[in-house]
Every structure is written in structure tokens, then in C-alpha cells.
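Subject: Structure handover

Hello,

Here is the structure I promised you. Please open it and keep it in view while you read my notes.

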Amino acid sequence: MFTIVDFQDFVEQQLHHNRNKSLFYEGANGRVLLSPSKESKYIFNYVARDISYFLQSAYSNGTIRQLITYISDKTIKLFIEANQYLDFSFQDKYQLQKIYSKLMERVFTLSKQIEMTDAEIEKLFYAHYKSLQLFLLHSNGSAICYKYKEKPHVFDVKCAEYSPEFQMELLNIELSTIKEPVLDIGCGKQANLVHYLKKNGVEAYGMDRDVQTTNDVGKMNWLESSFVPNAWGTIISHMAFSNHFKHHHLRADGNVEKYAKTYMNILHSLKREGRFIYAPNLSFMEDVLISSTDGYHVETNELCTQVMRVF
């Protein structure tokens, strides 16, 4: 009998099978590099009827939505692990769930057969991978995606979580003078700096797209977040918001305007004498950004920037 645990194991092993392979790389025959694993072929060949009964039950009791959300979230996480600059809005995630919903319907139809042939399995997966290609092109643009056509394996885009002590030193932040409350934008999965500040008696919160939501940390996209005016004493973003801002500035199809608007929303959410402290600096745009509003003082060094709300 095929169970939810079996489904989750199936998803994990299939994603692991294609890990580090480029979704956009195609061989001389025009076929994508990604493929169904041997384990997946075995399941579809010999356990198809069990899958059919499992999905029929899922559609009947409503758990199909849970399954679709699970596999969609796993896929998004895998994309972001491959390249931190890939970004997915709430609408993008909804579109990906629709893709997996159609895949489930196709699997349900095929699994009713006595036996699924290798050709049918290959065709099923190929069509799905082409749908994922279109999804990435639509959600993130061709400039970043087509780089993956060049080599069979994904290139390494570095992303790390730094120690809170290192971040405090780099950003020149003193516990004794930091203005509360504090928001760490892009706090990382572990929210190291948030926990460090709270441990030292500072009211601190964090936000990140890959973090477990708690009372102090929220899982969210900074481009879709509401920054309430006059709310924060200090906002910190180390190798996060401004790093992605710079990335979009350098891209031919980058979302610079939306980042600029979000940057200004962040500044407006500062209290009087509040500070937005971030690295890397945005020296290429800071004069333009700050000149569009009064009441802010900017201090920029080689590594980071502090923007203070004057009044």
C-alpha cells in the first residue's frame, strides 16, 4: 500500500537523483539532462495501481492539496539552493502548484493502467521538465536561466550564514548603542544574528524566505512585505537585500525599480534617528535613492552603509 511517507520518500529520491543537474542543458538529441530515476521507473512500472489508489484517496479526502504544496515547496527550495538570486513571488509559487497539480492528474490517469511503459514514463517526465523550464523563464527571466544551457551541471553560487559576532564587527554595530526594535532582513535559515541580539537583551526580529516561522522570525519575501512607517529603530541586512539589489542592477532584465521602491519603503519604516545598516554598499545608486527624499544621512565605507533618518 502506497502511503504519504512513501510519496515523500519518492519525491526526495527523485529530486536527489537530479540534484546539481542543469534543467536547461540539452543533449545533441534535444533531450533535457534531467530524467526519472531507476527507483521512480520501478515504482511506476510495478506499483502503479497502488499509486492510483493512493491518489484517488487523496483527491477524495482533500489531502491532494497537501501533497502538491509539499512537492512545490521542495522544488522551490532546490532552485534557491542552486542559485540564491532566483526569486519567487506568491503568484509564482501558485503557478508552480498548478504545474504539479496537472502532473498529479496525468500520473493518476496513467497509473490506472495495468502497466506503464518506459516510453510513457519518459514522456511524462520530459513534459514536466519542459514545464519547469517555462516556469523559471517566466518567473526569473531569460538572462539568469539561459546561463544554465551552457553546461550539464549547475554552477556554484556561494551563499553562507555568518556568525553574529562577525556581522556585528563588519557592520560596526555596538550592543550598547543599537536602537530598538531591530529587524534583520534576510536573517538566514538559522537567524543567527536575531538570536544573538535577543540573548543580549535586544528586542530583535528577522525575516527570510527560508526560515521556520516563530514569534520572532517570519518566512517571507522582502519584495512582498509591508514595511510600516516609523516602526524600526534599526534595520540590518548583511549580504542580503543590497546584494540582491546589486545583482538586479547588473542584470539586463533585472527588477531594479521594484528593489528601489522597497529600499525607500525600508527607509520610511525607520524611527527618528533609526538606522538601516547593510552590506555590500549601494554606492552606484545611493546618491540617486537618497536624493529622492529628505531627512536621511548616509555614511558609506568600502564594505557597508549606514543610512540614518535625521527627522
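On the α4 side, the residues in contact are I64, R65, L67, I68, T69, I71, S72, T75 and I76. They meet K93, L96, Q97, Y100, S101 and M104 in α5. Sorted by class, this contact has eight nonpolar, five polar and two charged residues. Keep in mind that this is a predicted model.

Now the geometry of that pair. Helix α4 covers residues 64-82, and helix α5 covers residues 90-111. Their axes come within 9 Å and cross at roughly 120°. The crossing is right-handed.

Next, look at the other partner of α4. Helix α1 spans residues 4-17. The axes of α1 and α4 come within 11 Å and cross at roughly 20°. Angles under 35 degrees count as roughly parallel, so α1 is roughly parallel to α4. α1 also passes α4 in a right-handed crossing.

Which residues make the contact between α1 and α4? From α1 come I4, F7, Q8, V11, E12 and L15. From α4 come L67, Y70, I71, K74, T75 and L78. By class, that contact has eight nonpolar, two polar and two charged residues. Note that L67, I71 and T75 of α4 are in the contact with α1. L67, I71 and T75 are also in the contact with α5.

Move on to helix α2, residues 38-46. Which residues of α2 are buried? They are S40, I43, F44 and N45. What covers them includes α1, α3 (48-61), α5 and α6.

Then the salt bridges. How many does the structure hold? There are eight. Here are three of them, one at a time.

First pair: K41 and E122. Their side chains meet in a salt bridge at 2.9 Å, N to O. This pair links distant parts of the chain. K41 sits in α2, E122 sits in helix α6 (residues 118-140), and they are 81 residues apart. Are these two buried, partly exposed or exposed? K41 has 23% relative accessibility, so K41 counts as partly exposed. E122 has 27%, so E122 counts as partly exposed too.

Buried means under 20% relative accessible area. R251 is at 12%, so R251 counts as buried. D253 is at 33%, so D253 is partly exposed.

Exposed means over 50%. K261 has a relative accessible area of 52%, so K261 is exposed. E257 has 57%, so E257 is exposed as well.

Best wishes

How values were computed. Residues are numbered from 1 along each chain as its sequence is written. This is a predicted model: local features need pLDDT of at least 70, side-chain atom pairs count only at pLDDT 80 or more; totals for chains, interfaces and linings use all residues. Side-chain values use heavy atoms; hydrogens and water are left out. Axes are lines fitted to C-alpha atoms, for helices over the stretch in contact, and angles run from 0 to 180 degrees between N-to-C directions. Helices (H or I, at least four residues) and strands (E, at least two) are DSSP runs, numbered from the N terminus. A crossing is left-handed if the near helix is turned anticlockwise from the far one by less than a right angle, and right-handed if clockwise. Contact means heavy atoms within 4.5 Å. Ala, Val, Leu, Ile, Met, Phe, Trp, Tyr, Cys and Pro count as nonpolar, Asp, Glu, Lys and Arg as charged, and the others, Gly among them, as polar. Angles under 35 degrees count as roughly parallel, over 145 as roughly antiparallel, 65 to 115 as roughly perpendicular and the rest as oblique. A salt bridge is a side-chain nitrogen of Lys or Arg within 4 Å of a carboxyl oxygen of Asp or Glu. Buried means under 20% relative accessible area, exposed over 50%, partly exposed in between (1.4 Å probe, protein chains only).
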